[in-house]
Amino acid sequence: MAKSLHGQRHPLAVLDAQDAILNPSGDRGSFDQALTRAGLAPLRADRIDVLQMNLGKLCNQTCKHCHVDAGPDRTEVMTRDTIDACLREIDRAAIPCADLTGGAPEMNPHFRWLVEQLSDRGVKVMDRCNLTILTVGGFRDLPAFFARHGVQVVASLPYFLAKNTDAQRGHGVFGASIKAIRELNALGYGQEGSGLELDLVYNPVGAFLAPNQASFEPEYRRELADRYGLSFNKLFVITNMPINRFLEFLVRSGQYEAYMNRLIASFNPSAALGVMCRSMVSVGWDGKLYDCDFNQMLGMPVVAGHAASIHDTDLRDFRERPIATGSHCFGCTVGSGSSCGGATVPRS
């Protein structure tokens, strides 16, 4: 029986890893078979525009849906040596964007230094922020720090109502999140013409599919403006991935097979064309390389059978690599698609 990265057993993890999931017609199917039927196999990368760096699993929150299994008790943190190796590869491969994630990436002791180094290089910096960290002692200066360095803030806000958000992320999280957005807005974030980008991330609270991003964004914008006087630039709608805590919830509640069938039934070849793994590489806190953050959490290396590390790799060799896939990849190809940047199908 397989274990999660945090040592907890997942009764269906072996089936998931082997793509042995029942599709809606009752036949065994896999993500690779879906790609083949759509004429898209094998899935390959075609460039590296983004280096996503998981700065550690340490976090001030313990969210129910977290695919990283992050929390205050985690000790995995990216070292300065590994960060230096990432910067070396950003320089060598001329990668224009660094996507900083966690856990709460801001809790890495080298976070500010890294942002300064990237900013000095002219590299775009995206910070995947849980918002509440900005209200915690020792981190309250970060909104102003972000503004000085032009950091794009990609902030999690599962819903525009406290009940829904707190149910997923913990009591009081919604109030702290609204406070943090208000501070970011005051600095110019989310304000037209400021050049400071604040994007919000929505994901479903339960075992259902997210709404269409293009149609849901206006409602989200209107609700936050009317209720709280807040503004933002874009809404990213992301599917809950059947990994770690959300997988545990699905198994525990008996919804795993139904949820996977729902994902498989909603497979969209157009969404598969734009998946994030085709234009990025993900670096784990320990320097190991993966096609995406989700593969990282499942221990699926960037090239099957090859545990590459940022310490001894030239990323230019991975620009047109084959992508490692699994049944969880159906989560990225539902409807209009789902990625770290939201929908993968361009808006019409």
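Colleague: What makes the span of helix H7 close to the one expected at 1.5 Å a residue?

Modeller: In this predicted model, H7 covers residues 173–186, which is 14 residues. Its first and last C-alpha atoms are 20 Å apart, and the expected value is also given as 20 Å. The expectation is 1.5 Å times one less than the number of residues.

Colleague: Which residues of H7 are buried, and what covers them?

Modeller: They are Val173, Phe174, Ala176, Ser177, Ile178, Ala180, Ile181, Leu184 and Asn185. Their cover includes helices H5 (142–149), H6 (162–169) and H8 (213–228), along with strands S6 (152–156) and S7 (198–202). After H7 comes Gly188, with a positive phi near 110°.

Colleague: Why is H4 called roughly parallel to H5?

Modeller: The axes of H4 (residues 111–121) and H5 cross at roughly 15° and come within 10 Å. Angles under 35 degrees count as roughly parallel, so H4 is roughly parallel to H5. Their crossing is right-handed. On the H4 side, the contact is made by Phe111, Arg112, Val115, Glu116 and Ser119, and on the H5 side by Leu142, Phe145, Phe146 and His149. These residues divide into 5 nonpolar, 2 polar and 2 charged.

Colleague: How do you know whether Thr82 is buried or exposed?

Modeller: Buried means under 20% relative accessible area. Thr82 has 4% relative accessibility, so Thr82 counts as buried. Thr82 sits in helix H3 (residues 80–92). Leaving aside residues up to four places away in sequence, Thr82 touches Trp285, Asp286, Gly287, Ile310 and His311.

Colleague: What is the phi of Ala94, and why is Ala94 called exposed?

Modeller: Phi of Ala94 is near 50°, a positive value in a residue that is not glycine. Most residues other than glycine have a negative phi. Ala94 belongs to the loop between H3 and S4. Exposed means over 50%, and Ala94 has a relative accessible area of 60%, so Ala94 is exposed.

Colleague: And Leu131, buried or exposed?

Modeller: Leu131 has a relative accessible area of 0%, so Leu131 is buried, the cut-off being under 20%. Leu131 lies in the loop between strand S5 (124–129) and H5. Its phi is positive, about 75°, although Leu131 is not a glycine.

Notes
Residues are numbered from 1 along each chain as its sequence is written. This is a predicted model: local features need pLDDT of at least 70, side-chain atom pairs count only at pLDDT 80 or more; totals for chains, interfaces and linings use all residues. Side-chain values use heavy atoms; hydrogens and water are left out. Helices (H or I, at least four residues) and strands (E, at least two) are DSSP runs, numbered from the N terminus. Buried means under 20% relative accessible area, exposed over 50%, partly exposed in between (1.4 Å probe, protein chains only). Contact means heavy atoms within 4.5 Å. Axes are lines fitted to C-alpha atoms, for helices over the stretch in contact, and angles run from 0 to 180 degrees between N-to-C directions. Angles under 35 degrees count as roughly parallel, over 145 as roughly antiparallel, 65 to 115 as roughly perpendicular and the rest as oblique. A crossing is left-handed if the near helix is turned anticlockwise from the far one by less than a right angle, and right-handed if clockwise. Ala, Val, Leu, Ile, Met, Phe, Trp, Tyr, Cys and Pro count as nonpolar, Asp, Glu, Lys and Arg as charged, and the others, Gly among them, as polar.
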